[in-house]
Amino acid sequence: MRILIVEDEPTLQAQLAEGLGAAGYAVDTAGNGVDGHSQGDTEPYDAVVLDLGLPQMDGITVLRKWRTAGRTMPVLILTARDGWHEKVAGIDAGADDYLTKPFHMEELLARLRALIRRAGGHASAELCCGPLTLDTRNQRATVDGQALTLTSHEYRVLAYLMHHRDQVVSRSDLVEHIYAQDFDRDSNTVEVFIARLRKKLPPGLIETVRGLGYRLTAPQ
Amino acid sequence: MKHLASHGLQKSLRLRLLAGTLFWIAASIIAAGWGLGNLFQRHVEAQFHAELKTHLDQLTAQLTLDDKGLPTLALPLSDPRLSRPYSGCYWQIDEIKADASAASGLLRSRSLWDHVLAVPPDTPANGEIHQHRIVGPEGKALGMVERSVRIDDTPDGKPRSYRLIAAADESLMTEPVASFSGALWLALVVLGIGLVLAALVQVFVGLAPLRKLHAALGKVRSGETPQLDGDFPAEIMPLVDEFNTVLAQNAEVVERARTQAGNLAHALKTPLSVLANAATSANPQQNELARLVVDQVDTARKQVDYHLTRAQAAATTRMPGTRTPLLPIIDGLVRAMQRIHAERALELRVQPMPETLAFRGDAHDLQEMLGNLLDNACKWASHRVEINAASNGDQLLITFDDDGQGLAAEQRESVIQRGVRADEKVSGSGLGLAIVADLTQMYGGGVVLQDSPLGGLRVVLTLPGLTRPAPARP
């Protein structure tokens, strides 16, 4: 799961990046509205945390431009102003949720999880696929109740596949959603992660669809 | 009463203008009537006496003595009235004896018939003409002129003196004057009524723009229009323009203050966020400190929000000319709530309401009040929230119902109380009602908590409203 943080205050941006990184997300950051907009417009993010008070282009404008261009990723807006006026304006511009500053990191994470889940059409924080269960609240994967030990990249690959279960996910899709932008990407490593996951998971859960990518499905 | 009248004159421009105009109209008409009447009367009098003198002159010219020395007329006088009995025109010749006694009625006009004019004893000097008023036949008042004539050339050689009298009924003079006066005053009264009507029309038409200005100001005050609208005469237009400029400046000041307040909030809250995040991710051994920081940051945030909202409302509640349609605000909030509480899949129902319902006040303040109440209802509801709005005269009644747990009567009391004594409490209670109670109080409205027919809490919000639609903008 890859998240974009658009926040101009460097310390808060760093804290957000750290908190989201620790929660198992690949995180990109932008420090102003123009950069934030172009990143969100070109990269496939699973969610965006967008501050409203941004230099160069304000958050509402950024959001409206994305929505006009057909970008549908869930967006959580951060606002310093507590007024309903601002909240309604944000939501009418296409935001999915809002959080008022100062906020608790746990609350932000919970809201983000809910947004990503809702975007994938999942009702619960626990994603299931046959014997495999992934709890997005604490990033724990279990098979028949047995906890799996996963590295952060393995977790991201698994989480993305779980959010898109029964769909074919291409290798480049995976690369785009598990790495932050400035990461030195190598699509071959995806194969390595898949191979490691297959060893840890019951056989047959991750299929290879030749020429297209991978699919996570519950065994019949 | 006198005090009242003078008070009214001082207060009312219309009364002042009318009183001045009416006074001058009355004065001019009376002066004109009196002057014209006098002029005419003098003219008629002069004509009357001129005619009498003509008769007198004719009489003088025709007077001769016959062989016996008795006065006689050489030719009868020409005016036919002098021969018709009691026609109103008369003449008479008296002889003045040497002892100054008079032999009246020596010769008389035929019109006098058997009457002898009783003339006051008087002897005009030679050539003089005297005027008198006497009582004539049938007791009528007569105007008369007399002159003395001395004839030296007499048959017996003794000079004789005669008094020649020409008289006429005064009604010959007063009747035309009276009828003229009647016609004159009738004409003047008609003229006066016309002038008064013209003055009334002028005052009402002249002052009509002021009445229009008054109506326009009333609309601004009640929030129907944001500024003075309409065409006014060139004399009033500068006033209207100035007033609109002041209104615009007022709105600009409020907008600037609001932006600054927003900037202040932003400037304060971002560091607070950093602080709170730093505290939570701190070393677990400093747990005590971390909790303290988080708590205090939370308190600071609520205080900032509370006082900013109050400060903004304090500025906007005094703004004239603000009017916020209710339905778009409710629709916006419902959209937001559906997104914010998407997880709960609540049924948010807005009961049909007239689109003309409007709040007499600022949109931000209305959004703040309704947003907090609706958010509360959504938080506490299990499945359903209902919103109802209606107008009651000048008031707007907005009701929020939820099907949640509800609130015990004692708790309701304390929730409202806390809103009233804002300074003595930690602002932003769990129900968020404090700011709503404060805002409604500033607007002269109120919040009441009741049992809802849906099973939970009903919040009834009363606000100053407007039901008339805003006039169409050109």
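I began with helix 4 of chain A in this predicted model, and found this helix mostly covered, with eight of its nine residues buried. The buried residues I listed are W84(A), H85(A), E86(A), K87(A), V88(A), A89(A), G90(A) and I91(A).

I then looked up what these buried residues pack against: within chain A the partners are helix 3, strand 4 (75–79) and strand 5 (97–100), and from chain B they are joined by helix 6 (326–340) and helix 7 (363–380).

Next I turned to the contact between the chains, which takes 24 residues from chain A and 27 residues from chain B. On the side of chain A that touches chain B, helix 1 (10–22), helix 4 (84–92) and helix 5 (105–119) each supply at least two residues, and the largest share, six residues, comes from helix 4 of chain A. Sorting that side of chain A by class, I recorded nine nonpolar, six polar and nine charged residues.

Last, I examined helix 2 (residues 33–42) and helix 3 (residues 59–68) of chain A, which pack at an angle of about 20° with their axes 10 Å apart. Angles under 35 degrees count as roughly parallel, and helix 2 and helix 3 of chain A are therefore roughly parallel to each other. Helix 2 of chain A passes helix 3 of chain A in a right-handed crossing. Where they meet, helix 2 of chain A brings G33(A), G36(A), H37(A), G40(A) and D41(A), while helix 3 of chain A brings G59(A), T61(A), V62(A), K65(A) and W66(A).

Technical notes. Residues numbered from 1 in each chain as written. Chains lettered and ligands numbered in written order. Predicted model: local features only at pLDDT ≥ 70, side-chain atom pairs only at ≥ 80, totals over all residues. Contact = placed C-beta atoms within 7 Å. Helix = DSSP H or I, 4+ residues; strand = E, 2+ residues; numbered from the N terminus. Nonpolar A, V, L, I, M, F, W, Y, C, P; charged D, E, K, R; others polar. Axes fitted to C-alpha atoms, helices over the stretch in contact; angles between N-to-C directions. Parallel < 35°, antiparallel > 145°, perpendicular 65-115°, else oblique. Left-handed = near helix turned anticlockwise from the far one by under 90°. Buried ≥ 20, exposed ≤ 12 C-beta atoms within 10 Å, placed from the backbone.
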